[in-house]
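Subject: Structure handover

Hello,

Here is the structure I promised to pass on. Please open it first, then read my notes below.

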Amino acid sequence: MHVSPTIVAGRSCGTCTLCCRLPDIDLFEKPANAWCRHCIADKGCSIYADRPAVCRDFLCLWMTDEALDEAWAPSRSHMMIYRQGPQITVLVDPDYPDIWRSEPYHAQLHRWARKAEPAGGYVIVFWRDDVFKL
Ligand code: SF4
Ligand code: SF4
């Protein structure tokens, strides 16, 4: 996960809780795709005021990059996307196996990968135990 400073005006997590479910979080010994024990489904964090820095500091790419339109809102796309250096990581909701291969997502993910390539970057997609490098 990364620290991101600025939220795009008008955006908020709302009832999206994907980042409390899709990533593994060592601090909570939480494996990927399992609910954090502090998360109330479709509501949010039960320890919000006291949530740890790893949660407090994280914002997905949709929250910080205005180039991603509403189609990329994680609650709609069922994907959680973030940058780690040259890598753009895409975690796909296990209940939506083919969403990243549908449009407008698939073409855009490939465009990001081609754009990142000259600097050694790439896009990596995780769905359950499957990994796809674009
Ligand atoms: S995936 Fe993004 S929009 Fe959803 S809760 Fe996490 S930071 Fe907020
Ligand atoms: S502690 Fe709260 S914000 Fe952090 S992963 Fe768990 S439910 Fe989400």
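Four strands form an open sheet in this predicted model, in the order β3-β4-β5-β6 and with mixed pairing. Strands are DSSP runs of E with at least two residues, helices are runs of H or I with at least four, and both are numbered from the N terminus. Two strands pair if DSSP finds at least two bridges between them. β3 (79-84) and β6 (130-133) are the edge strands. Each has a single partner, so one side of each lacks a neighbour in the sheet. On average, neighbouring strands are turned by 20 degrees against each other, direction ignored. Such angles come from axes fitted to C-alpha atoms, for helices over the stretch in contact, and run from 0 to 180 degrees between N-to-C directions.

β3 and β4 (residues 87-92) run antiparallel, joined by six bridges. In β4, T89 is the bridge partner of Y82. Helix α4 (residues 105-116) packs on the sheet. α4 touches β3, β4 and β5 (122-127), with contact meaning heavy atoms within 4.5 Å. The direction of α4 makes about 140 degrees with that of β5.

Next, the ligand. C13, C16, C19, C60, M63 and P74 surround ligand 1 (a heavy atom within 4 Å of it). This shell has six nonpolar residues, no polar and no charged. Here Ala, Val, Leu, Ile, Met, Phe, Trp, Tyr, Cys and Pro count as nonpolar, Asp, Glu, Lys and Arg as charged, and the others, Gly among them, as polar.

Now the charged pairs. The whole structure holds three salt bridges (a side-chain nitrogen of Lys or Arg within 4 Å of a carboxyl oxygen of Asp or Glu).

- R21 pairs with D93, with the closest N and O atoms 2.7 Å apart. R21 lies in the segment before β1 (39-40), D93 in the loop between β4 and α4, 72 residues apart. Both R21 and D93 are buried. Buried means under 20% relative accessible area, exposed over 50%, partly exposed in between (1.4 Å probe, protein chains only).
- D98 meets R101 at 3.9 Å, N to O. D98 is exposed because its relative accessibility is 51%. R101, at 44%, is partly exposed.
- R114 pairs with E117 at 3.3 Å between the closest N and O atoms. R114 is partly exposed at 40%, and so is E117 at 45%.

Residues are numbered from 1 along each chain as its sequence is written, while chains are lettered from A and ligands numbered from 1 in the order written. Local features need pLDDT of at least 70, side-chain atom pairs count only at pLDDT 80 or more, and totals for chains, interfaces and linings use all residues, while side-chain values use heavy atoms, without hydrogens and water.

Best wishes
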